[in-house]
Amino acid sequence: MRKPWDDYFMTIAQMVATRSTCDRAFVGCVIVNDEHRIVSTGYNGSVAGNPSCDEIGHTMRDGHCIATIHAEMNALLYCAKEGTSVRGCSCYVTHFPCLNCTKALIQAGIKRIVYQEAYRIDDYAMKLLTDNHIELKQIDPGDGKDA
């Protein structure tokens, strides 16, 4: 039996996360258009051409590794570099987006976010998602079924 689209793209996001170079969180992101086509992927990692956390350790500030670009930002930045629109797309991400990634996803035109891990959910991020009518869906990490 074929997987539902949300499960299919979340499985791909989980695979993308295995490329993460910051072991504080292995996060993967897949941006998908309304025709169920992958537009971009991203994972947690350092700026291209710079040493990664798994090579030199973490650069910590205020409890965060500042050397790492988050998965969602890497996916969005690739689209920006290539001139690819994400307006109206869905974002599949293994962990709930942080506040800065939430703002970037909204600003870029993402209309739907599907996530698995309820990781550090920020109240203001939730307000922004609600106020901007962004569809939000959690897929239960325990059994692979929708939460």
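These legends describe close-up views of a predicted model.

**View 1. The largest pocket and its lining.**
The largest pocket has a volume of about 630 Å³. Its lining counts 23 residues. Nearest the centre of this pocket lie His64, His70, Cys98, Tyr119 and Arg120. Four elements each supply at least two lining residues: β5 (64–65), β6, α3 (71–82) and α4 (99–108). Helix α3 gives the largest share, 3 residues. By class, the lining holds 13 nonpolar, 6 polar and 4 charged residues.

**View 2. The second largest pocket.**
Here the volume is about 340 Å³. The second largest pocket is lined by 17 residues. Ser46, Val47, Ala48, Ile69 and Asn74 lie nearest its centre. Strands β2 (38–43) and β3 (45–46) each supply at least two residues of this lining, as does helix α3. The largest share, 4 residues, comes from α3. The lining of the second largest pocket divides into 6 nonpolar, 10 polar and 1 charged residues.

**View 3. Thr68 and its contacts.**
Thr68 sits in strand β6 (residues 68–69). Its relative accessibility is 12%, so Thr68 counts as buried. Leaving aside residues up to four places away in sequence, Thr68 touches Cys22, Asn44, Gly45 and Cys53. Ser52 is 16 residues from Thr68 along the chain. The C-alpha atoms of Thr68 and Ser52 are separated by 7.9 Å.

Helix α1 covers residues 5–17, 13 residues in total. At 1.5 Å a residue, α1 should span 18 Å.

The disulfide count is 0. For Cys91, the closest cysteine sulfur is that of Cys29, 3.5 Å away. A disulfide needs the two sulfurs within 2.5 Å, so the Cys91 and Cys29 pair is too far apart for a bond. Cys91 is buried, with a relative accessible area of 0%. Cys98 is also in no disulfide. The nearest cysteine sulfur to that of Cys98 belongs to Cys101, at 3.7 Å. Cys98 has 26% relative accessibility, so this residue counts as partly exposed. Cys98 is among the residues nearest the centre of the largest pocket.

**View 4. Helix α4 and its cover.**
In α4, the buried residues are Cys101, Thr102, Ala104, Leu105 and Ile106. Their cover includes helices α3 and α5 (123–131). Strands β7 and β8 are also part of that cover. After α4 comes Gly109. The phi of Gly109 is positive, near 105 degrees.

Notes: Residues numbered from 1 in each chain as written. Predicted model: local features only at pLDDT ≥ 70, side-chain atom pairs only at ≥ 80, totals over all residues. Heavy atoms only, no water. Buried < 20%, exposed > 50% of the residue type's maximum accessible area, 1.4 Å probe, protein only. Contact = heavy atoms within 4.5 Å. 1 Å grid on protein atoms, 1.4 Å probe; cavity = no way out; pocket = protein on both sides within 12 Å on 5 of 7 lines; lining within 4 Å. Points joined across faces, edges and corners; volume = space filled by probe spheres on them. Nonpolar A, V, L, I, M, F, W, Y, C, P; charged D, E, K, R; others polar. Expected span 1.5 Å × (residues − 1).
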